[in-house]
Amino acid sequence: MIMCGGIEYQDQKIYFPEPDARLPVRLRDGNVTWITWGRRKDEAIGKFPNGGWARLNSIKSGKWKPWHPRPVLIAAKQFMEKDHDNQSHWIELDKRMVIQGLLAERDKETRVYVVTIDAPPEYVWIHDRWPRLVRLMDQ
């Protein structure tokens, strides 16, 4: 079951199953750089964990240590979750909110993963996991 299967940024929709899916990662200066989203099962080299998501509790427990995880912010206007019937639901973000990401690194290569937490009660019917949302500090 794919969660947060897509995001929209500047009228561009990015879906995880796409082979070259990249996510817009916000830099400190407010600009955006595009980084490959996670790892697909069909990738030959397995330097990175499968999938495009990192559970917050697995990050805290140290599972991601081998990839020198760094917190990053993923810019998005909205994100997409699929429910148990495979229906897509687009969730719009408040303009001041971004998605928490994890930047993983190995052999000078980087990948970004969406950090997930338990879904808020009002969305559990869609999925039990949810992207961790972060409020931007006032610029």
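Visitor: How many bridges pair strand β6 with β9, and in which sense?
Guide: Strands here are DSSP runs of E, at least two residues long, numbered from the N terminus. Two strands pair if DSSP finds at least two bridges between them. Strand β6 covers residues 70-74, and L73 stands opposite Q100 in β9. The count for β6 and β9 is five bridges, and the sense is antiparallel.

Visitor: What kind of model is this, and which cut-offs apply?
Guide: This is a predicted model, where local features need pLDDT of at least 70, side-chain atom pairs count only at pLDDT 80 or more, and totals for chains, interfaces and linings use all residues. Residues are numbered from 1 along each chain as its sequence is written, and side-chain values use heavy atoms, with hydrogens and water left out.

Visitor: Which residue in β12 is the bridge partner of I99?
Guide: Strand β12 spans residues 133-135 and pairs with β9 in the antiparallel sense over three bridges. The partner of I99 in β12 is L133.

Visitor: How many residues of β9 are buried?
Guide: Buried means under 20% relative accessible area, exposed over 50%, and partly exposed in between, with a 1.4 Å probe and protein chains only. Strand β9 runs over residues 97-106 and is mostly covered. Its buried count is eight of ten.

Visitor: Why does T36 count as buried, and which residues does T36 touch?
Guide: T36 sits in strand β4, residues 32-36. It counts as buried because its relative accessibility is 17%. Contact means heavy atoms within 4.5 Å. Leaving out residues up to four places away in sequence, T36 touches A21, R22, R111 and V112.

Visitor: How far apart are the C-alpha atoms of W130 and E81?
Guide: W130 belongs to strand β11, residues 129-131. At 3% relative accessibility, W130 is buried. Along the chain, W130 and E81 are 49 residues apart. Their C-alpha separation is 8.4 Å.

Methods: Helices (H or I, at least four residues) and strands (E, at least two) are DSSP runs, numbered from the N terminus.
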